[in-house]
Amino acid sequence: MKRILIIGASRGIGHAMASEFVTRGWHVTGTVRGSAETPLHALRANHPKAVEIASIDINEPTQIAALHDRLKDRRYDILLVNAGTANANQNETIAETTTEEFTRVMITNALSPMRVVEALADLVTPEGTISVMSSGQGSIAGNTRGGHEVYRGSKAALNQYMRSYAIREGETRAMLLIAPGWIQTELGGMDARYTLAESAPKLVDLLLSQEGKPGLRYEDRDGRTVMW
Ligand SMILES: NC(=O)c1ccc[n+]([C@@H]2O[C@H](COP(=O)([O-])OP(=O)(O)OC[C@H]3O[C@@H](n4cnc5c(N)ncnc54)[C@H](OP(=O)(O)O)[C@@H]3O)[C@@H](O)[C@H]2O)c1
């Protein structure tokens, strides 16, 4: 049985991908924050042998270490760091954002995902894939319309840090930054172009297509390279 570890699988894209992986016969370890019931708990209730739930707030370094300790004897075919956030008022400019909100978004979207990658990479098999949920909005070359300034900056920073990580690690294994498209979730809003139901199979196909291809790629939901 193939195994994936999804960080941030309580709801939204992470949960939808967890569900799709289970449908395809994979074992999923998915993470939630806190103790509240989530859609991932419902998935586990329906597939108790295929779904395991762990807990982590990626912004708490001690929780990253604790998660590694809990999973240290496991090996995964894929690590997907999906957890992310946006600033409450997406229309504000970078200079209008409070320092607190800027800090929260940058830590959650750029710093913490990299801490998770660094800490959990040894749980992934050498042939496995390390992936992080970025966004098309993280593309500097693709920013022709502006807007969403804080969020864009956080995902651009994430992309840059992932490139540095990949170079430092020698690009010996498959790594992927995902631009999933605009999807109907709490973060994406209900006006988004794509549903979760149509997106999850495509995003799972995208992840599976990376197997055995060393090096870092930045790709959209159709497997097209996104300009950095
Ligand atoms: N939806 C889109 O259109 C879109 C487009 C491009 C990229 N993305 C990216 O896709 C990813 C998932 O977004 P989504 O649309 O599914 O959003 P969502 O429905 O708001 O879900 C966000 C997920 O991230 C988790 N999370 C947030 N902060 C966390 C933290 N500090 N520690 C651990 N988990 C945390 C949430 O857990 P809780 O349930 O505990 O809050 C939840 O599982 C994000 O990285 C987002 O930037 C989304």
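Figure 1. Leaving aside its neighbours within four places in sequence, N159 is in contact with S134, G138, S139, L177, Y218 and W228; contact means heavy atoms within 4.5 Å. This is a predicted model, in which local features need pLDDT of at least 70 and side-chain atom pairs count only at pLDDT 80 or more, while totals for chains, interfaces and linings use all residues. Residues are numbered from 1 along each chain as its sequence is written, and side-chain values use heavy atoms, with hydrogens and water left out. N159 is buried, because its relative accessible area is 2%. Buried means under 20% relative accessible area, exposed over 50%, and partly exposed in between, with a 1.4 Å probe and protein chains only.

**Figure 2. Helix α5 and the elements that cover it.** Helix α5 has 21 residues and runs over 149–169. From its first C-alpha to its last, α5 reaches 30 Å, close to the 30 Å expected at 1.5 Å a residue; the expected span of a helix is 1.5 Å times one less than its number of residues. The buried residues of α5 are V150, Y151, R152, S154, K155, A157, L158, N159, M162, Y165 and A166. An α-helix has 3.6 residues a turn, so residues three or four places apart point the same way. The cover over the buried residues of α5 includes α4 (99–120), β5 (124–133), β6 (174–179) and β7 (215–220).

**Figure 3. Positive phi values on either side of α5.** H148 is found in the loop between β5 and α5. The phi of H148 is near 45°, a positive value in a residue other than glycine. At 31% relative accessibility, H148 counts as partly exposed. Just after α5, G170 takes a positive phi of about 85°. E171, in the loop between α5 and β6, has a phi near 45°, again a positive value in a residue other than glycine. With a relative accessibility of 33%, E171 counts as partly exposed.

**Figure 4. The shell of residues around the ligand.** The ligand is surrounded by 27 residues, of which the closest are S10, R11, R33, Y151 and T185; a residue is near a molecule or strand if one of its heavy atoms lies within 4 Å of it. The shell divides into 10 nonpolar, 12 polar and five charged residues. Here Ala, Val, Leu, Ile, Met, Phe, Trp, Tyr, Cys and Pro count as nonpolar, Asp, Glu, Lys and Arg as charged, and the others, Gly among them, as polar. Helices α1 (12–23) and α5 (149–169) each supply at least two residues of this shell.

**Figure 5. T108 in helix α4.** T108 is buried, with a relative accessible area of 10%. Not counting residues up to four places away in sequence, T108 touches I58, N59, A83, G84, T85 and P113. A polar contact of 3.0 Å joins the side chains of T108 and N59. A polar contact is a pair of N or O atoms within 3.5 Å; within protein, one must be able to donate a hydrogen and the other to accept it, and residues adjacent in sequence count only if both atoms are side-chain atoms. The C-alpha atoms of T108 and L158 are separated by 10.0 Å, and these residues are 50 residues apart along the chain.

**Figure 6. E52 in strand β3 (residues 51–55).** E52 counts as buried at 14% relative accessibility. Leaving aside neighbours within four places in sequence, E52 is in contact with H27, V28, T29, G30, R70, R74 and Y76. The side chains of E52 and R70 are joined by a polar contact of 3.5 Å.

Notes. Helix = DSSP H or I, 4+ residues; strand = E, 2+ residues; numbered from the N terminus.
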